[in-house]
Amino acid sequence: MSDNVIAVDWGSSQLRAWQGDKTLALPLGISRLNGLSPREVFEQHIAPWRESAATPVLMAGMIGSDAGWQPVPYLPCPVPLRALAARLCEVADNVWIVPGLRAGREEVMRGEETQLLGATQLAPAGCYVMPGTHSKWVQVEDGGVTGFSTAMTGELHHLLMTHSLIGNGLPAQAEDNARFCQGLERGLAAPSLVSELFRHRAARVLGGLPAASVGEALSGVLIGAEVRAMLAARPLHTITLVGSAALCCRYQQAFACAGVDTRRLCGDRAFLQGIRSLLDARC
């Protein structure tokens, strides 16, 4: 990342920042500020990187929500991604927050729009899937977002593993690709995710599923069910995945089972390219 800008991806659970070769990753998302305000966290951890107030800081993510530093409006779809640069919100001297996007009255995103801006330049495509806590399936045409849908797959996995009978009393979870693939097959084939979920507890209690592999099997079922449902609503033949290598690899397995070709783009690379584009547009 260039030394003349500080890029910040500030979500619900994590605060990450880049400047040149420097990187920062802290468990100080806006839901974990421990009584501090976003401005106070910024002054402690980000401001010391600035040589002067002339060093621009561009922030994206939940920092622009009503729980963040300052609510920043959502831009309605369809919208050209180049419009983001003109709608940056200045919350301090040369400190800017990127607006989110909304599709109708039932879909919103924050942070992914910056990744999308970079992704459209690095790997142009008509459909992007962005796996995560809340996976986004995004339709893009001529550099603009025409619409998107959200799947709470990551959050459901966390909730079921930490706050339900499925995950109650389990030991540390181990990698188990075989169980993950079995889960994928069930998720892709299951007519009802609701009835499928409890089988993980029953299988574990009856000895058919190792306790240390419940998380992997559940991950497979949830990702498989997400892919099944989303492809049923919008059949696709090629998809570009944007996100972490580990999570994109899981989705690639799901899409391969569904007969869909994929290519992959690093989420951090896309995010930083998006920040560069926003900075260039303002210069």
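Trainee: What makes the second largest pocket a pocket, and what is its volume?
Mentor: The second largest pocket has a volume of about 180 Å³, the space filled by probe spheres set on joined grid points. It counts as a pocket because its points form an open set (1 Å grid, 1.4 Å probe, protein on both sides within 12 Å along at least five of seven lines; lining residues have an atom within 4 Å of a point). Bear in mind that this is a predicted model, where local features need pLDDT of at least 70 and side-chain atom pairs pLDDT 80 or more, while totals for chains, interfaces and linings use all residues. Residues are numbered from 1 along each chain, and side-chain values use heavy atoms, without hydrogens or water.

Trainee: Which helix gives the largest share of that lining?
Mentor: Helix 4 does, with 4 residues. Helix 4 (177-189) and helix 6 (199-205) each bring at least two, a helix being a DSSP run of H or I with at least four residues, and a strand an E run of at least two. Among the lining residues are Arg179, Glu196, His200 and Leu209.

Trainee: Why are Phe42 and Trp69 called an edge-to-face pair?
Mentor: Their ring centres are 5.4 Å apart with 70° between the planes, so they meet the rule (centres within 6.5 Å; under 30 degrees stacked, over 60 edge-to-face, the rest tilted). By that rule there are 3 aromatic pairs. Phe42 lies in helix 1 (residues 38-45) and Trp69 in the loop between strand 4 (57-60) and strand 5 (74-76), so the pair ties together parts 27 residues apart in sequence.

Trainee: How do you know whether Cys181 is in a disulfide?
Mentor: The whole structure has 0 disulfides. For Cys181, the nearest cysteine sulfur belongs to Cys257, 6.5 Å away, and a disulfide needs two sulfurs within 2.5 Å. Cys248 is in no disulfide either: the sulfur of Cys266, the nearest, is 8.5 Å off. Cys181, at 25% relative accessibility, is partly exposed, whereas Cys248, at 0%, is buried.

Trainee: What makes Arg110 count as sitting over the ring of Tyr74?
Mentor: Its charged end is 4.0 Å from the ring centre; the rule asks for NZ of Lys or CZ of Arg within 6 Å of the centre and within 35 degrees of the ring normal. Arg250 likewise lies over the face of Phe180, at 4.5 Å from the ring centre.

Key. Buried means under 20% relative accessible area, exposed over 50%, partly exposed in between (1.4 Å probe, protein chains only). Rings of Phe, Tyr and Trp (its six-membered ring) pair if their centres lie within 6.5 Å; planes under 30 degrees apart count as stacked, over 60 as edge-to-face and the rest as tilted.
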